[in-house]
Amino acid sequence: MTSLETPDTETVTGTWRRLRGLARGAGVVPALTALRTAVCPEALPCGPAGHALVPEDIAETFDHGWADGSGAPRAADREDRLTEIAVSGGVLVALRRRDEAPVDVHRAPVRAWTLGLAWVRLGLSEQMLDTCMTYLRGRVTGAGTLLNQQMVKGSLAEVAIEHLEIETMMDGALPGDLDIAATVHLHAQITRADRMLLRLLGAYGFLADGPGQVAWVSELLADVYVGPPAEGGPR
Amino acid sequence: MIELDDRTRAIQRRAREWARELKPLALELDGDPDAIYRHLDVAIVSYLTRMPVPPRHNPDPVVIDGHRFYGTGTLERVVFAEEVAVGDAGMLLAAPGPVMSGVLVDSLGDERQKEWFYSRILQRPTWTFFALTEPARGSDAGAMETTLAPDGDGYVLNGRKRYIGNAARADIGVVFARTRPGPLGVTAVLAETSDPGFTAEPLETIGLRGLRITNVTLDRVRISAGNVLGQHLRPTQRGMWSAVQGLNRLRPGVAAFGLGIARSAYEYVRENRPGLPLRDRERLDDLGRRITGVRQLIWRAALAVDAARPSAGYEASAAKAKASRLAEDATMEALGFFGAGARLEHPLLDKLARDARAVEFMEGTGNIQKLNLFTGLLQGRLHRG
């Protein structure tokens, strides 16, 4: 552990804000890299079921996998490279480590990762909101822009409300302050906000690059590291 | 509750059988949209290739259990589309056939144009396209910028279209363009993609990659006078009026894609997560009830279209708005039954979740549908019992 090893609110808040700002301004690759540096030791961060979705250099650099707070050596014959996704600023690699013991998602290091990831995803969602506003301001309908249509204004306001609530819930939270169910809920809330934005972008939000991809990658990160509750609740 | 008659049940049964062939091909097409060229002999693709072609132009309809099918009825199309989309919505949209252009040619074409169009369709598998949406103004027809200008004994087409399905594969299609300012200044023409000045550039998408949406550029494309649609009709029945009528007929079909995607996700959970705990089973059962409800709404809209009820367009909007949200919700909820890493371990479910996002904007976004529905409500034209 680095800066979050002996966390105090000020350090943690500064870290989270930096992650969020990186995600919003520079995208998912630098934000994930910074999250790994802040939360995870010199290892590949893996989710509860042994998957990882990380920038290519992280996938290739470390010889240990990190899941529930402890590292385990990686072995090529027990690892599958599932897919690569070219994103703005780099390439993300999805991996599966086989035969990993189930992760205890309640352990503090895991909770730091999932909370930090929520900040990253909030930053990505804010980036989508910025993109959406710019895009809708440039779309003309009748005598005005799409941005000034009442239904559109209402939808954007709803997203802003979600962002405010998510931010307030997480603001000042140390790893472990929010239980896993609350973190799962926050991730789901971010996904819903992203989907609201996508509905305003029409076909533009369905293109393989741009905001449509940001939303998909963000959902994929939540799927890998937080995962929807299985069998009725978080494991 | 609406119940299907024997004839429609026959096409439903057959489509369900055919759709089973599609599931194993779904991820292949998602990875490589050109896979459609390898699967033109799949029964359902072969059926779609010739649907809809009206009886007058189709001497060889598909006969199922003694019933003849031309693909022209809206109810039979939505029932069919749901089943195919359960197999793979991508394949449904990747298949050659008249699709949207066929609906326009049917309502706007004169006899010679119909003969020309349908003979091309029946000759060999032929992709078609329908070019309405533009880069700056979407489907706002009042602001359409593509122009159709007189040039010698014909016309010349200039402009850009965006998000046009299948245009890079197509031979022929319909393009909307402006001949003069005002709502009656929009005209539809038949265009051939081999004509000089026509280019279609595929766009990569998050899902429904089989559809292969494209950017279309029209740079002085020559259109013969005989390819202008609707000249034998009153000016009010050409152009945008026809587009709106056509979209009313097609919208329940898009809703049915969404329904099929939702049902596919629902059935995936049922097949792959047996023995769910009671709480999860109830959640899944509730999803099943939502699917049943939306299906009824779609059938209602389809019947309204087939009966040419004045409320048809509004009911179609209601069905489409509800089905697109159902598709998103059902696919996301289905992933929730499989725990962390579900999208990577169940690529078909991930594909369904990606595909579902397209239903939202096809034939108009949810907001457009709600605004249309509100117009019907305000003007007392929404049939409410």
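Some housekeeping: residues count from 1 along each chain as its sequence is written, and chains are lettered from A in the order in which they are written. Since the model is predicted, local features need pLDDT of at least 70, side-chain atom pairs count only at pLDDT 80 or more, and totals for chains, interfaces and linings use all residues.

So, chain B. It has 12 helices and 9 strands, both being DSSP runs numbered from the N terminus: H or I with at least four residues for helices, E with at least two for strands. Of its 385 residues, 55% are buried, meaning 20 or more other C-beta atoms, placed from the backbone, within 10 Å of the residue's own.

Now the contacts: 32 residues of chain B touch 31 of chain A, where contact means C-beta atoms, placed from the backbone, within 7 Å. On the chain B side, the elements giving two or more residues include α8 (278-306) and α9 (312-335).

Over to chain A, where β2-β6-β5 make an open, antiparallel sheet of 3 strands; strands pair if DSSP finds at least two bridges between them. β2 (51-55) and β5 (79-87) of chain A each have a single partner, so one side of each has no neighbour in the sheet. β2(A) is joined to β6 (residues 90-97) of chain A by 5 bridges, with A:Val54 opposite A:Val93 in β6(A). Helix α2 (residues 28-39) of chain A packs on that sheet, touching β2, β5 and β6 of chain A. Helix α7 (residues 211-225) of chain A also packs on the sheet, touching β2, β5 and β6 of chain A.

How values were computed:
Contact = placed C-beta atoms within 7 Å. Buried ≥ 20, exposed ≤ 12 C-beta atoms within 10 Å, placed from the backbone. Axes fitted to C-alpha atoms, helices over the stretch in contact; angles between N-to-C directions.
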